[in-house]
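Here is a short walk through a protein model. Keep the sequence and the structure side by side as you read.

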Amino acid sequence: MTKVYRTLRVAPSDKGVLSVVIDAPPMNLVGPELVRDLVTVLSELESDANIRVMVLESADPDFFIPHVDLTKVAEYTAEAAKAGGPDDASLGMLWHKLSELPVVTIAKIRGRVRGAGSELALACDMRFAARETAILGQLEVGAGTLPGAGGVQHLARLLGRGRAMEVILGADDFDAATAERYGWINRAVPDADLDAFVARLARRIASFPADGVRTAKRVLNELTMPAADAIRADARRFHRLVVSDAAQARTATLFSHGLQTRGPLELDLGDRLGTL
């Protein structure tokens, strides 16, 4: 891993574990620069046999990834297309590529992870979150669209129909303890213990024979992963709805209240969506 990244801090260890820290001020929005860097990382991981496990986390204690940059949908979509071609020009297919990597991927979550950020975490093989600080949300319906990067597919499988309906249609925030109980994350871990817990698990998996780990992951993916065509269909629905009059009006109202700035709206977005 010798690439230079603008929005990621990438550091391999000598034990087969790669640390990828999202560092995209002011608040880790999914924009073209972050997508470009993620495309590069995934390409590197496809061919680097020395990396067995990747741990993804955020440098920002308040925001893992809050959502996409709604002013740059076309730009980040164009960057995502570079991972798979114009027919797969969507975040959903980029996140799907992450799921299919031979490398085991772990999301270590502190702060707010909503929208496409939640969908990125869902595309990882495992998710562990700080009990005190992690907040998860799938906010799209509250903004007039639907999760378009795999959230519908993953949440329906992990949570079951009723809870997925609650999460997606309610567009509210969920604390880590509830997310753990629902199956959205593997575990809610005390913040003080989170780093050591994830590091131990990552090193443990990386120490096992690679063929066994990769084969087991591939079989589990075959049993549980959504088909690529389902991800593509959700992306088309998202792109159709996000330009609708209703979504545009809703988004304009959110921007007038401070969307995409580090203020009260973004900190409490789930609650605020229900009071517009």
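Arg-203 sits in helix 8, which covers residues 191-207. In this predicted model, Arg-203 has a relative accessibility of 42% and therefore counts as partly exposed. Arg-203 belongs to a positive surface patch, together with Lys-15, Arg-200 and Arg-204.

A negative surface patch also exists. Its members are Glu-166, Asp-172, Asp-268 and Asp-271. Take Asp-268 from this group. Asp-268 falls in the loop that links helix 12 (264-267) to helix 13 (269-273). Asp-268 is partly exposed, because its relative accessible area is 41%, between the cut-offs of 20% for buried and 50% for exposed.

Now turn to the interior. How many residues of helix 4 (residues 116-123) are buried? Eight of the eight are, so helix 4 is largely enclosed by the rest of the structure. The buried residues include Glu-119, along with Ser-118 and Leu-120.

Next, the backbone. The loop between strand 2 (17-22) and helix 1 (32-47) holds Pro-26. The peptide bond leading from Pro-25 to Pro-26 is cis, with omega near 10 degrees. Asn-28 lies in the loop between strand 2 and helix 1 as well. Asn-28 is not a glycine, yet its phi is positive, about 60 degrees. With a relative accessibility of 2%, Asn-28 counts as buried.

Gln-260 has a positive phi too, about 70 degrees, although it is not a glycine. Look for Gln-260 in the loop between helix 11 (245-256) and helix 12. Its relative accessibility is 13%, so Gln-260 counts as buried.

Conventions. Residues numbered from 1 in each chain as written. Predicted model: local features only at pLDDT ≥ 70, side-chain atom pairs only at ≥ 80, totals over all residues. Heavy atoms only, no water. Patch = residues over 30% accessible without salt bridge, like charges linked within 9 Å, V, L, I, M, F, W, Y side chains within 5 Å. Areas by Shrake-Rupley, 256 points an atom, 1.4 Å probe, with all protein chains shown as cover. Salt bridge = Lys/Arg side-chain N within 4 Å of Asp/Glu carboxyl O. Lys, Arg positive; Asp, Glu negative; His and termini not counted. Charge placed at Lys NZ, Arg CZ, Asp CG, Glu CD. Helix = DSSP H or I, 4+ residues; strand = E, 2+ residues; numbered from the N terminus. Buried < 20%, exposed > 50% of the residue type's maximum accessible area, 1.4 Å probe, protein only.
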